[in-house]
Amino acid sequence: MKKYKSFRLFNEKISFLLYPRAGMILAIMAMVTLSIIVISTGVGEMYIAPLQVLQVFFGQGSDLDKLVITDLRLPRILTALFVGMSLAVAGAILQGMIRNPLASPDILGLTGGASVAVVTFLTIFSDENYSLTVSINWMPVAAFAGAAAVAFIVYVLSWKKGVSTIRLVLIGIGITALMKALTTFMILVGPIYRASQVNLWITGSVSAATWQNVFILAPWSIMFILFAFTYSRNINVQGLGEEVAVGLGSNVQKQRVIMLAISTALVGCAVAFAGGIGFVGLMAPHMARRLVGSNFGALLPVSALIGAMLVLVSDLIGRTLFSPLEIPAGVFTASIGAPYFIYLLLKAKN
């Protein structure tokens with residue numbers, strides 16, 4: 001405990017422990033993330049120097065720079081930021097709750113459930129003019145409903161005198177395969193002009209991001225990420241095991257339902273506007289754990305920043321490295337995540 005410093009505020013009514021090394025790492029990660037945002041905003045067919053980007057951020061700069069940055073690039077970058085943070089925090093919560101390093105929104109089928117719901121939404125509410133007949137504001141609700149339905153099914157099927165972590169992962173993998181089949185079915189029966197859009201969306205891309213998307217995504221993500229942060233102490237207790245958690249006075253089942261609801265909301269939010277960007281929820285918490293340990297007070301914010309960086313860098317590579325072609329960000333997260341998943345499996349086997 002020597003590496004922690006205790007703080008007591010308001011006549012010891014509020015007390016907490018601070019890990020200085022974690023605070024330093026968090027500050028460094030935040031600066032790196034901001035640097036990536038600035039660089040990514042300036043890189044493209046029209047290059048804008050970082051200093052000019054910062055000038056636009058502070059309300060200065062030329063009209064052309066403002067047009068390119070504010071109207072064209074910034075909505076996409078902010079969407080990638082919040083999507084990466086949401087998926088990473090959701091993955092960290094699931095791994096802490098289940099106490100299984102293989103747990104993630106992709107493996108447990110949450111991403112697949114949200115995908116089916118959004119594809120169904122686009123299929124049912126599309127007209128012959130290629131537009132939606134209902135407000136896009138309902139799409140996150142549809143994604144949340146799909147992810148929540150899958151979360152409930154996986155949790156119930158995994159229950160056998162308690163939730164077995166192995167059963168949870170195996171059933172999640174099976175449900176994920178089923179969700180992919182249902183998604184393909186909805187594409188085939190839906191309007192043909194939506195097929196290419198949906199295929200791009202399933203891979204995972206933020207290329208179609210708009211300010212309207214950001215205004216819906218940002219408050220939803222921030223709200224549930226803050227819920228996760230305030231609930232971090234309960235996740236720490238869950239990590240000690242069910243018997244210990246009950247002995248400490250925790251209502252284990254109620255807390256699991258709340259944590260699962262937070263994860264589901266974050267996944268539904270991210271999938272609604274960026275599609276099935278995979279493996280971020282698996283990789284980011286593991287990377288964060290190597291940096292700051294397993295205390296969720298530090299793990300969650302560091303995971304969020306790592307997730308944001310993964311999606312931001314993947315999107316930057318996808319839209320610049322193969323220009324004029326544009327490769328979805330999900331291709332690059334999957335190309336990193338699939339080998340990483342195999343590595344985790346081999347490590348768990350040993």
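I take buried as under 20% relative accessible area, exposed as over 50%, and partly exposed as in between, with a 1.4 Å probe and protein chains only. On that scale Trp220 is partly exposed, because its relative accessibility is 21%.

**Basis.** I am working on a predicted model, where local features need pLDDT of at least 70, side-chain atom pairs count only at pLDDT 80 or more, and totals for chains, interfaces and linings use all residues. Residues are numbered from 1 along each chain as its sequence is written, and side-chain values use heavy atoms, leaving out hydrogens and water.

**Ring pairs.** I looked for aromatic pairs and found five. Rings of Phe, Tyr and Trp (its six-membered ring) pair if their centres lie within 6.5 Å; planes under 30 degrees apart are stacked, over 60 edge-to-face, the rest tilted.

**Phe144 and Trp220.** The planes stand at 70° with ring centres 6.3 Å apart, so I logged this pair as edge-to-face. Phe144 sits in helix H5 (residues 139–158) and Trp220 in helix H8 (residues 211–230), so I noted a link between distant parts of the chain, 76 residues apart. Helices here are DSSP runs (H or I, at least four residues), numbered from the N terminus. Phe144 is partly exposed at 30% relative accessible area.

**Phe224 and Phe227.** Buried or partly exposed: which is Phe224? Phe224 is buried, at 15% relative accessible area. Phe227 is partly exposed, at 41%.

**Cluster.** Ring pairs join Phe144, Trp220, Phe224 and Phe227 into a cluster.

Methods. Helix = DSSP H or I, 4+ residues; strand = E, 2+ residues; numbered from the N terminus.
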